[in-house]
Amino acid sequence: MQSPDIMQIDPQDTQKLYRKIALAIAAAIVEGRYAPGDKLPSERELADEFGVSRPTIRDAMIALEFQGLVEARQGSGVYVNASAPVPEDTAELEVDALEWTEARRLFEGEACALLAAIAREEHLSLLDRLANEMAGDPSHEAIERLEQEFHRAIAFATGNAAIAAAVEELWVMRQQSPLCTATLRRARIGGGGNFVSEHRKIVAALRDRDPKAARRAIHAHLAQAIDDLLALAEADALKQTRQKMAEERRARARRTEI
């Protein structure tokens, strides 16, 4: 079976590159180019066809497997499970920012603890680089991209596809939720934590090969995010109360003018 005639994908668009590839392959499955039970081209063949690295193809396969479209069989390859609607890249799935951060604390804390026991120098060097880039006064969009890459890198470095897929899905949920993204940005900008220092402490705990310290470091980072979100909610509620009282005063003043 020939590989699908896919759209041209810009290799520079690294933030969503693997998602575009996953969508293209999913579209080929839905259109019948790959039937249930068919084996997909090898990782190397797909990398050559899309003009991307093999790790990018691997990420796309993880995303497709998490959606239930394909199944990876040890030593055999990746096979199509069944046709399913292609997920809309622009579909909005609103998620509460506090609930999202709480879920991250549960999943990413354990991923970080696991990585502390098995991390290789290349993993730590990548995390160091990302943390250093955060310190370079990037734009809001850039720092959000760097944070996502940092925490995704931890999950993928565990070597556990299920952990990587679970963490990846959390970040996809945030990308698809404009309200969640905007709330997290407002909380971070007005927050009381040291964003860069928090990430460097995570890397330091990983370098120490200390799972408990690594878990504490990421929990502390996300606890600060939760505190910032609660402070933002409190400030918004206070502002709304003041606005409501101001309206009430104006309405009472109009009544006294009769």
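Is Cys112 buried or exposed, and what is its relative accessible area? I looked it up: Cys112 is buried at 0%, where buried means under 20% relative accessible area with a 1.4 Å probe, protein chains only. Cys180 is buried too, at 1%.

A note to myself on the source: this is a predicted model, so I kept local features to pLDDT of at least 70 and side-chain atom pairs to pLDDT 80 or more, while totals for chains, interfaces and linings use all residues. Numbering starts from 1 along each chain as its sequence is written, and side-chain values use heavy atoms, without hydrogens and water.

Next, I searched for disulfides (cysteine sulfur pairs within 2.5 Å) and found 0 in the whole structure.

Then the overall layout. I count 10 helices and 2 strands, taken as DSSP runs (H or I, at least four residues; E, at least two) numbered from the N terminus. The order is α-α-α-β-β-α-α-α-α-α-α-α. Of the 258 residues, 40% are buried.

Helix 10 has 46 residues and spans 67 Å between its first and last C-alpha, close to the expected 68 Å, which is 1.5 Å times one less than the number of residues. At its N-terminal end I found a cap: a side-chain oxygen of Asp210 sits 3.2 Å from the backbone nitrogen of Lys212.

Which residues of helix 10 are buried? My list includes Ala214, Ile218, His221, Leu222, Asp228 and Leu232. Their cover includes helix 4 (97-118), helix 6 (140-157), helix 8 (178-189) and helix 9 (195-207), judged by contact, meaning heavy atoms within 4.5 Å.

Notes: Buried means under 20% relative accessible area, exposed over 50%, partly exposed in between (1.4 Å probe, protein chains only). A polar contact is a pair of N or O atoms within 3.5 Å; within protein, one must be able to donate a hydrogen and the other to accept it, and residues adjacent in sequence count only if both atoms are side-chain atoms.
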